[in-house]
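Have the structure open as you read.

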Amino acid sequence: MPTIYLVPSVLAPEATDTIPAYVLDAVKKCQVIFAENERTARRFLKSLDRNIVIDDFEWFAIHKAEKDLVKQFREKVQENKNIAIISEAGCPGVADPGQVLVQAAQEMNCTIRPLVGPSSILLALMASGMNGQQFEFVGYLPIDNTERCKKLKELEISSAKQNSTKIFIETPYRNNQLIDSIISNCNGETKLCVATNITDTGEQIVTRSISFWKKNKPALHKQPAIFLLFAGNSHQ
């Protein structure tokens with residue numbers, strides 16, 4: 001059976017030094033690439049090695065028509081071709097597309113190789129000073145303001161009860177609305193870590209109380225960000 005390589009991509013376009021050399025070696029063993037964004041993936045591979053012949057690979061877009069996508073993937077596995085799965089940023093299958101393909105690969109008894117690379121979730125957690133033994137990634141919060149406020153209160157209660165860190169993300173153009181919701185609905189003593197531009201030149205990862213953020217509200221419009229909330233015992 002072929003090998004399926006889960007290929008991490010950069011979080012910031014210039015941060016190619018965050019990608020280990022063996023990632024490129026793995027890609028060169030593949031004949032097929034399934035990419036969340038083909039244009040981004042092509043540019044990424046060229047940034048790792050400008051001599052790589054991009055058109056030597058068969059390219060498939062990871063799209064929302066899951067049945068068709070899995071059918072294409074299974075066909076390439078049956079052709080005994082090594083496959084790379086590349087998300088637009090970060091690691092495939094972790095807050096990024098690719099999980100349905102990995103599931104199909106598991107069902108077909110393929111060898112699956114997850115490759116080391118940057119994950120904004122783990123990098124932010126590492127630098128937050130929050131509980132790294134008990135944490136939960138909850139993805140995107142509801143868009144509706146009422147539902148979002150309700151969810152934030154639930155996360156804060158759960159964090160206090162479980163002594164756990166709650167991690168979530170937002171579309172960059174809605175970051176400011178999310179910050180407003182957090183500081184309006186969470187207790188002043190609760191800790192919030194705001195991590196922006198991870199691995200980029202403007203990287204900032206700052207943990208402060210909600211009371212602090214109320215007086216020093218950050219401007220996060222269109223900046224890639226991840227948020228961590230902790231209402232548990234500060235001495236973990």
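The model is a predicted one, where local features need pLDDT of at least 70 and side-chain atom pairs count only at pLDDT 80 or more, while totals for chains, interfaces and linings use all residues. Numbering runs from 1 along each chain as its sequence is written, and side-chain values use heavy atoms, with hydrogens and water left out.

Now the pockets. A pocket here is an open set of points on a 1 Å grid over the protein atoms alone, where a 1.4 Å probe fits, with protein on both sides within 12 Å along at least five of seven lines; lining residues have an atom within 4 Å of a point. The second largest pocket is lined by Ser-9, Val-10, Leu-11, Ala-12, Pro-13, Thr-40, Arg-43, Phe-44, Ser-47, Glu-88 and Ala-89. By class that lining splits into 6 nonpolar, 3 polar and 2 charged residues.

The largest pocket has 27 lining residues, with Leu-11, Ala-89, Ser-120, Pro-224 and Ala-225 nearest its centre. Helix H5 (120–128) and strand S10 (225–230) are the elements that give two or more residues to this lining (helices, H or I, of at least four residues and strands, E, of at least two are DSSP runs, numbered from the N terminus). Its residues divide into 17 nonpolar, 5 polar and 5 charged.

Pro-224 and Ala-225 turn up again around Thr-196, which is in contact (heavy atoms within 4.5 Å) with both of them, and also with Gly-202, Glu-203, Gln-204, Leu-220 and Gln-223, leaving aside neighbours within four places in sequence. Thr-196 sits in strand S8 (residues 191–196). Is Thr-196 buried or exposed? Its relative accessible area is 3%, so Thr-196 is buried: the cut-offs are under 20% for buried and over 50% for exposed, with partly exposed in between (1.4 Å probe, protein chains only).

Glu-107, in helix H4 (residues 99–107), counts as partly exposed because its relative accessibility is 48%. The C-alpha atoms of Glu-107 and Thr-16 are 33 Å apart.

Stepping back, the protein chain has 8 helices and 10 strands. Buried residues make up 46% of its 236 residues. Its C-alpha atoms fill a box of roughly 55 × 35 × 30 Å along the principal axes.

Technical notes. Nonpolar A, V, L, I, M, F, W, Y, C, P; charged D, E, K, R; others polar.
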